[in-house]
Amino acid sequence: MTDTDTPVSGRQESTSEDVSDAQDVVASVVDNVEQVIVGHHQEVEHILTALLGRGHILLEDVPGVGKTMLARAVAQSFDGSFKRVQFTPDLLPSDVTGVNVYNQKNEVFEFRPGPVFANVVLGDEINRAPPKTQSSLLEAMEEQQVTVDGESHDLPQPFTVIATQNTVERDRTYELPMAELDRFMKKLHLGYPDTDEETEMLDRTVGHHPIDDLGAVATLEDLQGARETTAGITVERSVREYVTRLSQFTRRHAELGVSPRGGLSVLRAAQGRAVLDGRTYVIPDDVQTEAEVVFPHRIRTSTTETTPRAVVEDALESVRVE
């Protein structure tokens with residue numbers, strides 16, 4: 001196997017049979033989620049490609065458009081553990097990570113895990129908590145562990161954070177620091193449904209809500225296997241160089257451009273996109289599709305006239321695929 005024909009991770013290259021199995025897992029989860037979520041098929045796929053690429057997801061929008069419901073539907077489609085953390089101004093870091101408690105009987109301190117110890121963690125309205133509490137997720141999201149009083153505790157695997165963010169009450173929320181934003185592989189916006197979608201949603205939920213009956217359609221082993229397959233998707237050197245040039249373009253045309261972590265994230269998401277399409281290799285179209293939701297939240301512009309999304313659009317139009 002040559003340098004131009006290797007998986008990004010260096011793992012064994014995935015076969016067509018591997019990809020077909022992973023594709024079946026993803027399809028079953030998408031179908032399951034869409035029993036609850038009307039419309040937003042593209043966003044559901046984006047969440048699944050992030051899961052395949054071992055990434056975390058930030059859902060940002062106005063209240064009431066289904067952010068929390070979408071996160072719950074994805075989580076309930078797997079048979080792993082699911083915990084929800086309602087972020088509030090008085091939430092403490094230890095309320096998320098856990099705390100050491102003194103056991104008088106044994107005369108030792110025992111660690112009591114917080115809700116972050118789950119396969120899927122929903123951080124609801126994450127920007128309502130102050131930065132100190134938000135920072136409790138940084139180590140967990142990057143290193144898959146939590147350190148309390150100098151002792152590290154491994155998180156269950158697989159581990160994914162799906163967070164929602166309130167965009168309306170700016171005076172009652174805190175801005176997420178860039179160190180935290182950069183740890184989210186994707187930032188997605190749902191938007192309002194169209195007329196037919198909203199009517200169908202009302203029809204489904206006006207009585208008994210379908211989320212109450214939603215069961216798991218995939219095991220954690222299925223997800224782990226699909227992730228291994230995704231990691232083995234071939235990414236040729238020309239595609240890797242294309243991602244590098246896109247990242248460098250954003251750094252030249254913005255006050256703060258895409259980080260190396262952002263470049264890695266878009267490649268991993270592109271591998272997930274290849275699995276969705278049943279391919280054993282990444283094509284530039286995969287990168288372009290994923291860059292639209294992986295790059296913008298990592299970019300800061302110096303003027304209000306140029307938006308991060310516009311910088312990404314310019315990069316995709318200007319940077320050639322070689």
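The legends below describe close-up views of a predicted model.

**View 1. Confidence along the predicted chain.**
The average pLDDT of the chain is 88, and 96% of the residues reach a score of at least 70. Over residues 1-6, by contrast, the pLDDT is below 50. Beyond near neighbours in sequence, this stretch has 11 contacts in the model.

**View 2**
Strand S3, made up of residues 82-86, runs parallel to S6 and is joined to S6 by 5 bridges. Within this pairing, Gln 86 has Asp 124 of S6 as its bridge partner. Strand S9, which spans residues 160-166, also runs parallel to S6, and 4 bridges join these two strands. Here the bridge partner of Val 120 is Thr 160 in S9.

Strand S2 consists of residues 57-61 and is mostly covered, with 5 of its 5 residues buried. One side of S2 carries Ile 57, Leu 59 and Asp 61, and the other carries Leu 58 and Glu 60. Both faces are covered, and these residues are all buried. S2 pairs with S9 in the parallel sense over 5 bridges. In this pairing, Asp 61 has Asn 166 of S9 as its bridge partner. S2 is also joined to strand S10, residues 186-188, by 3 bridges, and these two strands run parallel. Lys 186 in S10 stands opposite Ile 57.

**View 2. Lys 83 in strand S3.**
Lys 83 lies in strand S3. Its relative accessibility is 36%, so Lys 83 counts as partly exposed, a class that lies between the limits of 20% and 50%. Lys 83 and Val 116 are separated by 33 residues in sequence, yet their C-alpha atoms are 7.2 Å apart in space. When neighbours within four places in sequence are left aside, Lys 83 is in contact with Pro 115, Phe 117, Ala 118, Val 120, Val 121 and Leu 122.

**View 3. Glu 45 in helix H2.**
Glu 45 is found in helix H2, which comprises residues 41-52. The relative accessible area of Glu 45 is 23%, and therefore this residue is partly exposed. From C-alpha to C-alpha, Glu 45 and Val 26 are 8.6 Å apart, although 19 residues apart in sequence.

Rolling a probe the size of a water molecule over the atoms shows where empty space is left. In this model the count comes to 1 cavity of 30 Å³ or more. The volume of the largest cavity is about 40 Å³. Its lining is formed by Ala 75, Phe 78, Gly 80, Ser 81, Phe 82, Asn 119, Val 120, Leu 220 and Leu 223. By class, this lining has 6 nonpolar residues, 3 polar residues and no charged residues.

Technical notes. Residues are numbered from 1 along each chain as its sequence is written. This is a predicted model: local features need pLDDT of at least 70, side-chain atom pairs count only at pLDDT 80 or more; totals for chains, interfaces and linings use all residues. Side-chain values use heavy atoms; hydrogens and water are left out. pLDDT is the predictor's confidence in each residue, from 0 to 100. Contact means heavy atoms within 4.5 Å. On a 1 Å grid over the protein atoms alone, a cavity is a set of points where a 1.4 Å probe fits but cannot get out, and a pocket is an open set with protein on both sides within 12 Å along at least five of seven lines; lining residues have an atom within 4 Å of a point. Grid points are joined across faces, edges and corners, and a volume is the space filled by probe spheres set on the points. Ala, Val, Leu, Ile, Met, Phe, Trp, Tyr, Cys and Pro count as nonpolar, Asp, Glu, Lys and Arg as charged, and the others, Gly among them, as polar. Two strands pair if DSSP finds at least two bridges between them. Buried means under 20% relative accessible area, exposed over 50%, partly exposed in between (1.4 Å probe, protein chains only).
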